[in-house]
Amino acid sequence: MTEQTAPFRDLKVDDIKKLVDEGHDVVDVREDWEWNKGHIPGAQHVVLSSILANPAAQKFNDGTIFVCGIGERSAVASEMAVALGVKDVVNFRGGTTAWKNAGLPLEKP
């Protein structure tokens, strides 16, 4: 049997910071109230329920990083993006909580 590769990369805060610095798109899939408490600077806000409700309407670039609070909802969004044909999808394992705990800046709308 051959080893099956994961459909997306599951990365932690240090690797995510490097990708953000390189200009990768970040999509935050948390609810509005969570987004309003603070998010990764420059992130787009697309609530997970809207992705699941109408996946064909979503336009994500290759190399997009998906983030939520801890990395669970963003994993679902990552799976959906892969199903939509997005390449090099990244899930932020640890999410906004890890970003904040690492002392990295959050912005508010």
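**Salt bridges and a buried strand residue**

Mentor: D21 forms a salt bridge with K17, the closest N and O atoms being 2.8 Å apart. A salt bridge is a side-chain nitrogen of Lys or Arg within 4 Å of a carboxyl oxygen of Asp or Glu. The model is predicted: local features need pLDDT of at least 70, side-chain atom pairs count only at pLDDT 80 or more, and totals for chains, interfaces and linings use all residues. Residues are numbered from 1 along each chain as its sequence is written, and side-chain values use heavy atoms, without hydrogens and water.

Trainee: Where do D21 and K17 lie?

Mentor: Both lie in helix α1, 4 residues apart, about one turn of the helix. Helices (H or I, at least four residues) and strands (E, at least two) are DSSP runs, numbered from the N terminus.

Trainee: Which parts of the chain does the salt bridge of R73 and E34 link?

Mentor: Their side chains meet at 2.9 Å, N to O. The pair links distant parts of the chain, R73 in helix α4 (residues 72-83) and E34 in helix α2 (residues 32-37), 39 residues apart. Burial is read from relative accessible area: buried is under 20%, exposed over 50%, partly exposed in between (1.4 Å probe, protein chains only). E34, at 12%, is buried, whereas R73, at 27%, is partly exposed.

Trainee: Is N91 buried or exposed?

Mentor: N91 has 0% relative accessibility and therefore counts as buried. This residue lies in strand β5. Beyond its neighbours within four places in sequence, N91 has contacts (heavy atoms within 4.5 Å) that include F8, I16 and S78.
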